[in-house]
Amino acid sequence: MAARERILFGDNAVEMENMEEEDFAVSNSSGADATFDTVVGYIEDIMMGDEFQQLQRNFMEKHYLEFEDSEENKLSYTPIFNEHIDLLEKYIEQQLIERMPGFSMTAFTTSLQRKKVEVLTSAVAW
């Protein structure tokens with residue numbers, strides 16, 4: 001049976017499921033860092049999963065004839081791109097909410113922006 005844990009993510013409390021088959025490394029990072037790392041791990045799992053792979057294959061099979069091997073980006077690519085983003089982002093968000101009730105994509109996006117600044121700042125300090 002999986003244990004549940006409540007962690008603050010931004011202004012939201014997120015309930016996380018501790019999967020027994022997973023081994024998580026112990027670190028001295030903050031709760032926000034641990035939650036961020038957990039979300040990224042879940043995203044990796046989701047994207048490697050059979051259902052996500054099948055979604056991508058089905059989408060590709062539906063649209064691959066529209067594309068040509070050229071430098072030009074045709075106007076017809078835009079609605080296909082938008083459909084792709086909508087399909088996959090909604091699927092990933094839905095899966096994250098199932099794994100972490102209370103998950104907020106807005107809060108995660110904010111923490112992702114913060115991480116980007118942290119990485120860039122530490123790279124410049126090197």
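In the predicted model, glutamate 83 and lysine 62 form a salt bridge, with their closest N and O atoms 2.9 Å apart. Glutamate 83 belongs to helix H3 and lysine 62 to helix H2, so this pair ties together parts that are 21 residues apart in sequence. The two partners fall into separate accessibility classes: glutamate 83 is partly exposed, at 30% relative accessibility, whereas lysine 62 is exposed, with a relative accessible area of 56%.

The chain around this pair has 126 residues, of which 22% count as buried. Its secondary structure consists of 4 helices and 2 strands. Read from the N terminus, the order of these elements is β-β-α-α-α-α. Contacts between residues at least 6 apart in sequence were also examined, and 60% of them join residues at least 24 apart. The accessible surface of the chain comes to about 9,500 Å², and 55% of this area is supplied by carbon and sulfur atoms.

The salt bridges in the chain number 5. In one of them, the side chains of aspartate 33 and lysine 115 meet with an N to O distance of 2.8 Å. Aspartate 33 is located in helix H1 and lysine 115 in helix H4, which spans residues 105–125, so the pair ties together parts that are 82 residues apart in sequence. Aspartate 33 is partly exposed, its relative accessible area being 24%. A further salt bridge links glutamate 68 to lysine 74, and here the closest N and O atoms are 3.4 Å apart. Lysine 74 has a relative accessible area of 26% and is therefore partly exposed. Through shared partners, salt bridges join Asp33, Lys115 and Glu118 into one network.

The packing of the helices was considered next. Two packed helices are described by the angle between their axes and the distance between the axes. For helix H1, which covers residues 31–48, and helix H2, the axes come within 4 Å and cross at roughly 55 degrees. Because of this angle, H1 is oblique to H2. Residues from both helices take part in the contact: Ile46, Met47 and Met48 in H1 meet Asp50, Phe52 and Gln53 in H2.

Helix H2 also contains phenylalanine 59. This residue is buried, because its relative accessible area is 9% and the cut-off for burial is under 20%. When neighbours within four places in sequence are left aside, phenylalanine 59 is in contact with Ile80, Glu83, His84 and Leu87. One of these contacts, Glu83, is the residue that forms the salt bridge with lysine 62. Phenylalanine 59 and leucine 88 are 29 residues apart along the chain, and their C-alpha atoms are separated by 9.9 Å.

In helix H4, leucine 112 was examined. Leucine 112 counts as partly exposed, at 42% relative accessibility.

On the surface, Met60, Tyr64 and Leu65 form a nonpolar patch. Together these residues have about 390 Å² of accessible area. Leucine 65 is placed in the loop between helix H2, residues 50–63, and helix H3, residues 77–99. With a relative accessible area of 71%, leucine 65 is exposed, because residues over 50% are placed in that class.

Key
Residues numbered from 1 in each chain as written. Predicted model: local features only at pLDDT ≥ 70, side-chain atom pairs only at ≥ 80, totals over all residues. Heavy atoms only, no water. Patch = residues over 30% accessible without salt bridge, like charges linked within 9 Å, V, L, I, M, F, W, Y side chains within 5 Å. Areas by Shrake-Rupley, 256 points an atom, 1.4 Å probe, with all protein chains shown as cover. Salt bridge = Lys/Arg side-chain N within 4 Å of Asp/Glu carboxyl O. Buried < 20%, exposed > 50% of the residue type's maximum accessible area, 1.4 Å probe, protein only. Contact = heavy atoms within 4.5 Å. Axes fitted to C-alpha atoms, helices over the stretch in contact; angles between N-to-C directions. Parallel < 35°, antiparallel > 145°, perpendicular 65-115°, else oblique.
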